[in-house]
Structures are given as C-alpha cells and as structure tokens.
Amino acid sequence: MTFNLAEALSSIVTQADAADWRAAIRLAGDGLVAGGAATEAYTDEMIAAVEQHGPYIVIAPGIALAHSRPSPAVLTGGLSWVSLARPVEFGNAANDPVSLVIGLAAVDHDAHLQVMRALAGVLSNSSAMERLHAATTPDDVRVVLGELATAAA
Amino acid sequence: MKIVAVCGMGIGTSVLLKMNAEKVLAKLGIDADVEAADMGVARGAAQMAEIVLTSAELAEELGDVPAEVIVIKNFFDLDEITEKLTAALE
C-alpha cells in the first residue's frame, strides 16, 4: 500500500461539533462539497441511506462510513474526514458512539477501489487509529496518514 | 465456494468487508470468490452463495436466504472475521 490516503481526502476536519448523527453526516457531506467531490444533494442521500437501511454504516467501534450510491449528485467522487469533539450515537448497538465519520462519494462501483484499499489498511491498523483519534488538527491527521503510506511503501 | 459481502449501497462497507474477507480467506488457504453487492443484488446473489457476510441491521433486512448468514460487528477486526468464517466452514 503506497497510496497516501491523505491525498484522496477532499477535506479534513478535526474536533468538530455535531449534535446528532444527522449533523455528523452533514459535516462529512460539507467536506465532500467543499472539495468538489459531490453536491449538497449527495449529503441528503447519505442521510436517507441510514434512514432506509439503519445505522449499518458504523462499521467498526467509533467509525462511521457515510455514503450513498453513485448518482448525479456525485461530481468527481472522493472522501472526507470528520473527527468529532464529542462522540454521537448512531443507534448501532455494537459500535456506538461514533467519533470519526468518513464521507465517501463514488462515481461508479470500481473507480474508488484503490482508495478503499488504502482506507481499509488505515482503519484496520489499531495503533494508527489510536493516533488518528487523538489527532487534534488536520495536519496531525495528514502526518499520520503520510507516515502509513511511507511505511507501507 | 461463493461468498457475498452485502451492504446497502454496494460501494462502501461491502467493498471493505470483501477486502478483509479475502485477506482472511487467503490466510486460511481457502479458495473462494467474494462478491460485494448491494441489498437489491444480494437478494439474488445470496441464492447462489454459500455464505453471506453483512452487518446485523442488514441481515435483518435481507431476510431468509439459503446461504449461511454471518453477522460481522467490526469490519476491520480480522480476528472476528477469521473466527466466524472458520466456524461457518467447519
């Protein structure tokens, strides 16, 4: 894994304030919009996905992967990173509360696989995740992600 | 052996689950085809598969399928995936 996940991130926000899971997803959506990855309509689609299928996007303790399917609201596709100052409940019995929300927009089912592989590598690295959870600035997050890419190269 | 990793949209969580399941299967030395699918595709694909991997919420939504449904709590916990796949394959 030589791919640096930081380069795929449209935006990184740390210590964010969210009152509930919808607000947390909205922050991740704002990050995708800011980076030109998707339009605001995609944010609504990510929220609708949870309303329809439940809080299954909380895929590991404390981590939500907010996303919907490829749609006209996806522009270039991309990822956003939002770590929360105070964790919020998504209603997922196994993995609540959530302190990191990653927003994902994909233009199709294949284009983002390299990014997903890098993401899987980062999220399954428990010592890196400890440092990422502790990161208080976007630069801290970039440094950790950059080191991971270098270490894996 | 055919395994289907299921999520709501087919682009996010199921793709991550597929990647980690493939890592585990390779380590166990099991030859299997793992497909990532959204809920709509999965209802069809699960008819042909021996094992379905998914989360608790989606297992409920998927309903009854002939495949053995394995619920994964932490998609990045390779030990959990290894343990549950091994138990299912015995």
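Entry one, the model. I'm working from a predicted model here.

Entry two, the sheet. I looked up how the strands of chain B are arranged and found an open sheet of four, in the order S2-S1-S3-S4, with parallel pairing. The edges are S2 (33–38) and S4 (68–71) of chain B, each of which pairs on one side only. From one strand to the next, the twist averages 25°.

Entry three, one strand pair. I then checked S1 (residues 2–7) against S3 (residues 51–54) in chain B, and the two pair in the parallel sense over three bridges. For B:Ile3, the bridge partner in S3(B) is B:Ile51.

Entry four, the helices. I asked which strands helix H1 of chain B touches. H1 (residues 13–28) packs on the sheet and touches S1, S2 and S3 of chain B, its direction making about 170° with that of S2(B). Helix H2 (residues 39–48) of chain B also packs on the sheet, touching S1, S2 and S3 of chain B, and its direction makes about 145° with that of S2(B).

Leaving aside neighbours within four places in sequence, A:Arg131 is in contact with A:Val144 and A:Glu147. I also looked up A:His67, 64 residues from A:Arg131 along the chain: the C-alpha atoms of the two are separated by 24 Å.

Methods: Residues numbered from 1 in each chain as written. Chains lettered and ligands numbered in written order. Predicted model: local features only at pLDDT ≥ 70, side-chain atom pairs only at ≥ 80, totals over all residues. Heavy atoms only, no water. Pairing = 2+ DSSP bridges. Axes fitted to C-alpha atoms, helices over the stretch in contact; angles between N-to-C directions. Contact = heavy atoms within 4.5 Å.
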